[in-house]
Amino acid sequence: MRCCRWYLLTGLGLGIAATGLIFLLAWRDIFDVLVTEEKNIQPGTALYKEWRRPTTRPIWQVYVYNWTNAQAVLGNPPQESSASFREFGPYTFEEYTEVVDVKFHPVNGTLSYRKRTYFRRNDPAGGRSDAAKPEEVTTVNLVALQAAYRTSHQNYSVQRELSFLLHNHHQRVTLTRPVDQLLFGGHREPLLEKLRKIVCAGDGASIGVPCQDERFAYFRTFNVSRRPSEMYSLDAGLKDRTRYGVVRSFGLAPERKELNPCDGFADLTGELFPSRIDRVVNIRLVLPELCRRLELVFEREQLVDGVLGYRYTLHSPYEAVTLTEEQIGRCPSTPIRLGRYGILNANECNAMPVYAPEADNAPQPYFVLEPTTGTLLESCLGATYHTLLRANEHIALLQHVPDVRVPLFRFVRIYQASPVKMAKLKQLLHLADVGHQAALAGCLVGVAIVLLAAIYGCWESRKPSSSQRDEYRIVDMQPSSGEGQTLK
């Protein structure tokens, strides 16, 4: 009976240890399934609703530059080095995003959609209480520079026609505008309608980049029209988890391995990331709204509100994806995927004479990701945009201007995960720790039971048994004195 108890305890311990070991080895896959369910972006899920109408909105801090001595510099061209600019800001805005025209494709596990972005002022009292933030600034006439830039490779007659057009509309090299108009609201330019007939793609010009709308601003005038973007396709990771969050423009053929400038992109866009991030592998991002492709490299670990994350910074500087006239000529009539849409009018992809230098006073862009779930904890993007004012002998307005590097604006886009999202993430990561600890505890308990059973068996084997005690019996006994007399 005791032998049966020993075998029973040993079997129980081995069973618990084996179950704990199996659970310990399989817990990673089990937790990945839980994370996949939590990150499910199919219609009807909580993440899908948050993706369509985000409640956590990035904050934009925009700075503008006021040309303080524009008249003195333009009136005395030899003193081009004395151009003085003063930075004002930050003007704070909230980024509002709406995902529209969504359609789920169960065959390939993707979501097709369009995106609409607009901004709302977030300054206290509209920023008017701060005397360091003027309501109007003086800067270069970017519309005139744009027209001159787009016709710089045209024939002489086109450039002279543009010169008379600028003169008839009383255009100047500089202009003074309210900050809201320069940034987002836009100001009406009757000149733009005339420019479309000269330099825009719709009327047979050789430059295949569309002109802006009637209103012109540094940022596209979504606050006026709220136009959606072109159609994109988001991979929900149903077929391949590593493809989760990859956005593809419809100009890219799925079977083509090498990218063509007309094809567009198929990369992460900085909003959704796959789980189980490997710090050794660099992350490639495409930002179609900013006309940028980024490559991020792991820098260090960083704690964000008690959650350990991987901090990624730029491996290489901002790369503008621009197309030459020859490449544009070979492209189909469909929009150029990384050029024709974006929240910025003032960038290279829109054939603007604007560039973002590698070394500027914008903060170093970074992304902080939770490696297990691929959750974006916080991010920061920034850039400074400049233009070059150069003389043009064929355009009267620009014949005698000096060569001046004119800063236009800079921005810092900051995103931080909401407290609610961080709380849910902490609960999910705590569940991962609890499951791992429970499996490990099961292994230890099973091993402890086996050891106790072995010790119990050894101890029982050393004790004398009851059968051995029964073998002791009386071998001889001396008779008493009375018994001896009776025998006689």
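The questions below ask how some descriptions of this predicted model are reached.

This is a predicted model, in which local features need pLDDT of at least 70 and side-chain atom pairs count only at pLDDT 80 or more, while totals for chains, interfaces and linings use all residues. Residues are numbered from 1 along each chain as its sequence is written, and side-chain values use heavy atoms, with hydrogens and water left out.

Q: Why is serine 163 called buried?
A: Buried means under 20% relative accessible area, exposed over 50%, and partly exposed in between (1.4 Å probe, protein chains only); serine 163 has a relative accessible area of 7%, and is therefore buried.

Q: What does serine 163 touch, not counting residues up to four places away in sequence?
A: With contact taken as heavy atoms within 4.5 Å, serine 163, which has its place in helix H5 (residues 156-168), touches His394, Ile395 and Ala396.

Q: What makes E13 and E15 antiparallel partners, and how many bridges join them?
A: Four bridges join E13 to E15 (residues 366-370), and the two run antiparallel; threonine 313 has tyrosine 366 in E15 as its bridge partner.

Note on methods:
Pairing = 2+ DSSP bridges.
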